[in-house]
Amino acid sequence: MLTHRKADERGHADHGWLNSYHTFSFAGYVDPNERGFSNLLVINDDRVEAGKGFGTHPHRDMEIFSWVLNGELEHQDTLGNGAVIRPGDLQLMSAGTGVAHSEYNPSSRNGVHFLQVWITPNRIGQPPRYQQEYFSPEKRRGRLQLILSPEGEAPALAIRQDVRVYAGLFDGSEQATLTLAPHRYAYVHVARGRITLNGLALGEGDGVRVREEQVLSLENGHNAEVLVFDLRPNELPGM
């Protein structure tokens, strides 16, 4: 069963320097029917103006990853990590017992467009940690590249939850199939472009809850960038 969440159905907040779309309830956007899916709690589609960003703020007991689509995002945290992430860079911060970080657009001219995703961990009170890896377009072109997994088998980063995240780029005749283990859930997010999932046409910003489907087929891409989440069959914390 595929449940389509169209881009224009998402929550929206325009703060001037920040233009953000929320797939699930977040901050001032509250929808009791959109409280995450399995352990996937937040997908924020953020655009930040040049020279602007999020000041230092804390997190605790959350797996948080950032995925840049265009531009650059500068990260600093209380663990001593500092980096500028660009398209293809995956940054994963496991907040654990607590960490504070800032995120800024270091460019004086160009905006940055990125996704920030929150996933609830399988254990709380763990030491915080930071990981980063680059996934070239060649690794993602016409296929679903594993970027996060519980085991962290290279080049994927290790996440503290029974979830696997894949990233793919599709255009023209390129296609890919992902076979899920029995009874698993999945969530598909179209970061940009257009693509077809199991015959369902999707546009930029669309998302799909997947239940009772074991094979996911992606095809007919038009400059499409896609994230696929292989999730536990669990309706909490979302619907």
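The following legends describe close-up views of selected sites in a predicted model.

**View 1. The largest pocket and the strands that line it.**
The largest pocket in this predicted model has a volume of about 240 Å³. Its lining comprises 18 residues, and those closest to the pocket centre are Leu18, Phe26, Asn44, Asp46 and Phe54. Two or more lining residues come from each of the elements β3 (18-22), β4 (40-48), β5 (53-59) and β11 (112-119). When the lining of the largest pocket is divided by residue class, 8 residues are nonpolar, 8 are polar and 2 are charged.

**View 2. Strand β3 between its two neighbours.**
Strand β3 has a covered face, made up of Leu18, Ser20 and His22, and an uncovered face, made up of Asn19 and Tyr21. Strand β2 (residues 11-14) pairs with β3 in the antiparallel sense over 4 bridges, and within this pairing aspartate 14 has asparagine 19 of β3 as its bridge partner. The hairpin of β2 and β3 has 3 residues between the strands, and in this hairpin glycine 16 takes a positive phi near 85°. Strand β3 also pairs with β4, again in the antiparallel sense, over 5 bridges, and here histidine 22 stands opposite asparagine 44 of β4. Two of the residues seen in this view, Leu18 and Asn44, are among those closest to the centre of the largest pocket.

Asparagine 39 is found in the loop between β3 and β4. Its relative accessibility is 7%, so asparagine 39 counts as buried, the cut-off for that class being under 20%. The side chain of asparagine 39 makes a polar contact with the side chain of arginine 232, at a distance of 2.9 Å. Asparagine 39 and glycine 55 are 16 residues apart along the chain, and their C-alpha atoms are separated by 27 Å.

**View 3. The second largest pocket and its lining.**
The second largest pocket has a volume of about 160 Å³. It is lined by 14 residues, of which Arg140, Arg141, Leu169, Arg192 and Glu225 lie nearest the centre. The elements β6 (63-70), α1 (137-140), β15 (164-172) and β20 (215-231) each give two or more residues to the lining of this second largest pocket. By class, the lining of the second largest pocket has 7 nonpolar, 2 polar and 5 charged residues.

**View 4. The cis peptide bond at proline 155.**
The peptide bond that runs from alanine 154 to proline 155 is cis in the predicted model, with omega near 5°. Proline 155 is found in the loop between β13 (145-149) and β14 (157-158).

**View 5. Two asparagines with positive phi, residues 198 and 223**.
Asparagine 198 has a positive phi of about 45°, although this residue is not a glycine. The loop between β17 (185-197) and β18 (200-202) is where asparagine 198 is found, and at 29% relative accessibility asparagine 198 counts as partly exposed. Asparagine 223, likewise not a glycine, has a positive phi of about 50°. Asparagine 223 lies in strand β20, and because its relative accessibility is 56%, asparagine 223 counts as exposed, the cut-off for that class being over 50%.

Definitions and conventions
Residues numbered from 1 in each chain as written. Predicted model: local features only at pLDDT ≥ 70, side-chain atom pairs only at ≥ 80, totals over all residues. Heavy atoms only, no water. 1 Å grid on protein atoms, 1.4 Å probe; cavity = no way out; pocket = protein on both sides within 12 Å on 5 of 7 lines; lining within 4 Å. Points joined across faces, edges and corners; volume = space filled by probe spheres on them. Nonpolar A, V, L, I, M, F, W, Y, C, P; charged D, E, K, R; others polar. Buried < 20%, exposed > 50% of the residue type's maximum accessible area, 1.4 Å probe, protein only. Polar contact = N/O pair within 3.5 Å; in protein donor to acceptor, adjacent residues only side chain to side chain. Pairing = 2+ DSSP bridges.
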